[in-house]
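Q: Hey, I've just opened this one and I'm new to it. Can you walk me through what I'm looking at?

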Amino acid sequence: MPERLIITVVCLHISAALYVLSGLMALVLFINLPIPDPDFPALAFGIGLFVLCLVLAIGVEITIWGLRKLKYWAWIMALVLCGLYIPSLFFILGGLGLWGVLDARTQAAFQAERLKHLP
């Protein structure tokens, strides 16, 4: 695995952990939230946010698995994820992740692996 790709992998692991923590915080918040409107399904909303955060974290971890195997689809997915992180609260993770994904050695490694599997 190229050296700078390790930076991307670490950034994506951090983002996955933050997704799980955010989901847990949402779950705890909506379970303990005193809501004046009894028709608002706070528990269902909290569980929904938690499940969404878990799905996002699992998707990021699958991308990390693909990056470690030098799968070309994972390189594209990491590029998209890190690009989407730039205009968000994860902008530092996105910038560092893009730095690792767009490195010349990283790109060459993924292209070489991709060319091995072409007919």
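Predicted model: local features only at pLDDT ≥ 70, side-chain atom pairs only at ≥ 80, totals over all residues.

Q: What's the radius of gyration of the protein chain, and what would a compact globule have?
A: The chain comes out at 18 Å, while a compact globule of 119 residues would be near 14 Å. Along its principal axes, the C-alpha trace spans about 60 × 30 × 20 Å.

Q: And how much of it counts as buried?
A: Of the 119 residues, 34% count as buried. The accessible surface is about 7400 Å², and 75% of that belongs to carbon and sulfur atoms.

Q: What about contacts between residues at least 6 apart in sequence: what share join residues at least 24 apart?
A: That share is 64% in this chain.

Q: Switching topic to charges. How many positive and negative ones are there?
A: There are 7 positive and 6 negative charges, and their mean positions lie 19 Å apart.

Q: How many salt bridges does a search of the whole structure find?
A: Two salt bridges turn up. One of them pairs R4 with D103, with the closest N and O atoms 2.9 Å apart.

Q: Where do R4 and D103 lie?
A: R4 is in helix α1 (residues 3-32), and D103 is in the loop between α4 (91-101) and α5 (104-116), so this pair ties together parts that are 99 residues apart in sequence.

Q: Is D103 buried or exposed?
A: D103 is buried, with a relative accessible area of 15%.

Q: Which residue does K116 form a salt bridge with?
A: K116 pairs with E113, and the closest N and O atoms there are 3.4 Å apart.

Q: How far apart are K116 and E113 in helix α5?
A: They are three residues apart in helix α5, so about one helical turn separates them.

Q: Does E113 count as buried or exposed?
A: E113 has 19% relative accessibility, and the cut-off for buried is under 20%, so E113 counts as buried. K116, on the other hand, counts as exposed at 61% relative accessibility.

Key: Residues numbered from 1 in each chain as written. Heavy atoms only, no water. Rg over C-alpha atoms; globule rule 2.2 N^0.38 Å. Buried < 20%, exposed > 50% of the residue type's maximum accessible area, 1.4 Å probe, protein only. Contact = heavy atoms within 4.5 Å. Areas by Shrake-Rupley, 256 points an atom, 1.4 Å probe, with all protein chains shown as cover. Lys, Arg positive; Asp, Glu negative; His and termini not counted. Charge placed at Lys NZ, Arg CZ, Asp CG, Glu CD. Salt bridge = Lys/Arg side-chain N within 4 Å of Asp/Glu carboxyl O. Helix = DSSP H or I, 4+ residues; strand = E, 2+ residues; numbered from the N terminus.
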